[in-house]
Amino acid sequence: MDWRTVVTRLFGACHAIAADGEFLGGMAVFEGTALAVVGTTNHAAVGVDLALRQARAVLATIAEHPGRPLLLLVDTQGQALRRRDELLGIHRAMAHLGCCLDLARRRGHPVVGLVYDQALSGGFITSGLMADVCHALPEAEIRVMRVPARVTKLPEDLLESLSRTNPVFAPGVANYVAMGGVRSLWGDDLAAGLRAALADRDTADRRAEEGARRGGRRAAADVIRRVLEA
Amino acid sequence: MHSFAEMSARERLAALVDAGSFHEWLPPSERVTSPHLAQLGVPAAFDDGVAIGRATLAGRAVFVAAQEGGFMGGGVGEVHGAKLVGLLRRALRDRPDAVLVLAESGGVRLHEANAGLIAVSEVMRALLDVRAAGIATVMLIGGANGCFGGMGIVARCADTVVMSDIARHAMSGPEVIESAHGAGEFDSRDRALVWRTTGGKHRWLCGDCDVLVDDDAAAFRDAAIAALDAQRPLTLEALQQESALLQARADLDDDNADAFVLWSRLGVPDARAVPDLDADALRPLRPAAVAALARGGA
Amino acid sequence: METLHFAFDGGTAPAPFAPTLVGVVASGNLEVLVEPSPDTGCRIDVDTSARGFGAVWEAVLRDFHERHGIAGLSIAIHDMGATPAVVSLRLDQVIAAIQGVTP
């Protein structure tokens with residue numbers, strides 16, 4: 001879904017959100033509450049510049065609007081694959097963005113993630129996956145990378161057949177929900193989805209528990225518990 | 001000198017902590033292995049590629065994790081990630097002086113795809129909780145495979161990153177970049193280029209790592225001991241400073257220049273000589289401005 | 001991947017030892033976990049990435065058992081294509097380790 005459609009369906013005309021290149025930012029008023037919106041569009045490849053741009057927007061919200069909820073609008077093809085970005089420490093810029101989102105949470109800002117189109121790999125790790133909770137649109141695409149068969153040297157058809165019984169292997173937003181990575185898929189009433197997300201003030205990371213409860217990721221929660229009890 | 005890079009994860013761990021002090025949680029005999037690899041026809045590892053537990057370091061209580069780069073490239077799968085999360089959450093409860101991770105990883109274990117991706121994120125959040133609690137978090141990067149992908153991001157969320165001059169810390173490997181955009185973008189066979197773009201010397205000169213050591217287990221141990229008291233709280237001010245620092249550096253290379261050029265612009269004298277210098281010779285060449293910012297002005 | 005099971009009779013039980021691991025599941029390498037077993041003889045379970053080498057494993061493992069003559073062992077192996085020489089090396093290493101380890 002195009003970001004303008006998402007924004008209009010959520011906020012109507014009550015927003016000042018704009019795209020500047022692949023950076024999305026601004027604020028909106030949702031049912032009387034001012035929100036900061038930060039994100040990317042156009043399946044952005046996140047390099048150092050775009051990671052830093054988003055980080056600055058998060059820090060500005062913390063500095064200027066204490067407690068204001070942050071809505072992350074995620075549409076990324078993952079990290080930029082460029083020598084320059086590696087040279088300049090894209091891993092560090094992405095860590096920095098993640099740390100900024102984490103600080104926002106610690107300072108009492110609700111941080112809600114919404115994958116409205118694509119979310120891959122590093123681009124997702126430091127956006128939606130660092131929100132208090134991440135949601136997605138049903139038509140969103142979430143995956144680790146484009147050609148796992150080539151890199152893992154596993155046969156395409158094996159991966160295909162396994163993915164029918166094991167959500168771990170195949171891309172698909174429903175798999176991420178089953179595994180606890182995504183809390184919910186928002187239906188046509190996007191406002192209802194956002195309303196529910198903002199009402200949930202639990203900031204603990206419950207994804208392993210949810211993965212176990214939903215059955216898509218059974219081992220993680222148990223291993224965590226075993227380490228705590230060892 | 002004992003090459004840290006040539007040691008296995010368990011050998012590094014034994015060399016790092018006080019002799020005989022390591023007590024492992026979920027040891028190999030408990031067979032806490034990947035529930036997914038058998039379906040893919042891949043042998044499991046009894047520890048799923050990471051050994052975790054408690055130990056002492058210079059007599060002080062620490063928690064440790066050592067990733068085995070030889071197993072699936074050190075990739076983080078469901079169980080591997082959960083062991084790290086469990087260790088970090090236990091640290092919040094038991095309050096050791098530090099959590100030390102001997103990080104060697106390609107990032108998300110692609111064989112476990114989605115589980116690995118979510119796991120990396122859980123590790124990141126748990127690590128930041130530990131850091132926020134004032135417990136020192138230390139990453140020791142010295143393996144031949146380096147620290148890449150999601151683990152590359154996680155590692156830079158720690159208070160202290162220690163690197164050897166031969167290690168690498170980055171996001172995407174050179175082959176992936178060459179695959180996407182050609183050898184002209186990044187020639188993966190040009191090792192000198194690869195190391196000056198992502199290696200320990202470069203990271204040291206730019207301030208991306210906090211400590212530079214030789215490829216030597218004793219040097220890593222000494223650095224870890226020093227890091228026990230090197231907490232750097234993530235305040236708003238600290239993050240604003242980090243933003244400014246990273247942007248200023250990005251602006252220094254707005255013309256897609258090579259590392260040699262970037263180093264010169266940062267103020268490193270005789271950039272061309274850097275690849276031939278060892279850690280001791282290189283350490284004092286880190287530009288004063290970089291050093292000042294690296295330790296919050298101290 | 002292939003899973004193989006072997007059992008060899010005879011031998012002398014070692015002094016008590018804690019479960020011990022040597023090796024790494026890396027390309028051309030293997031990990032070997034040895035634990036005490038209440039049974040006589042020596043039991044060895046192998047998960048190997050390379051299929052069709054059952055006879056080679058049998059020969060290497062029988063040779064190992066005859067070389068050390070130890071009973072009461074339960075050995076589990078995860079192999080990623082190690083050569084017979086490397087397999088024998090790891091087995092010798094794990095025996096050396098349990099003979100030096102106090103429980």
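Q: Two strands pair if DSSP finds at least two bridges between them; which strand pairs with β9(A) over two bridges?
A: That's β11 (residues 184–185) of chain A, and β9(A) runs parallel to it. Ala136(A) stands opposite Leu185(A) in β11(A). Strands here are DSSP runs of E, at least two residues long, helices are runs of H or I of at least four, and both are numbered from the N terminus.

Q: Before we go on, where do the numbers and letters come from?
A: Residues count from 1 along each chain as its sequence is written, while chains are lettered from A and ligands numbered from 1 in the order in which they are written. It's a predicted model, with local features needing pLDDT of at least 70 and side-chain atom pairs 80 or more, though totals for chains, interfaces and linings use all residues.

Q: Back to β9(A): which strand pairs with it over four bridges?
A: Strand β7 (residues 111–115) of chain A, again in the parallel sense. There, Val115(A) has Ala136(A) in β9(A) as its bridge partner.

Q: Are the faces of β9(A) covered or open?
A: Both are covered. Val133(A) and His135(A) are buried on one side, and Cys134(A) and Ala136(A) are buried on the other. Buried means 20 or more other C-beta atoms within 10 Å of the residue's own (12 or fewer is exposed, in between is partly exposed), with C-beta atoms placed from the backbone.

Q: What radius of gyration does chain B have?
A: 19 Å, which agrees with the value near 19 Å for a compact globule of 298 residues. The radius is taken over C-alpha atoms, and the globule rule is 2.2 Å times the number of residues to the power 0.38.

Q: Which residues touch the most other members of the largest nonpolar core?
A: Leu140(B) and Val162(B), in a core of 171 residues. Helix α3 (residues 113–132) of chain B gives the largest share, 12 residues. Such a core is a set of buried Ala, Val, Leu, Ile, Met, Phe, Trp, Tyr and Cys residues joined through C-beta atoms within 7 Å.

Q: How many residues of chain B are in contact with chain A?
A: 69 residues of chain B are in contact with 62 of chain A, where contact means C-beta atoms, placed from the backbone, within 7 Å. α3(B) supplies the largest share of chain B's side, 13 residues. By class, that side has 37 nonpolar, 19 polar and 13 charged residues. Ala, Val, Leu, Ile, Met, Phe, Trp, Tyr, Cys and Pro count as nonpolar, Asp, Glu, Lys and Arg as charged, and the others, Gly among them, as polar.

Q: And how many residues of chain C are in contact with chain B?
A: 16, and they touch 12 residues of chain B. β3(C) gives the largest share of chain C's side, four residues. That side has eight nonpolar, four polar and four charged residues.

Definitions and conventions. Contact = placed C-beta atoms within 7 Å. Pairing = 2+ DSSP bridges.
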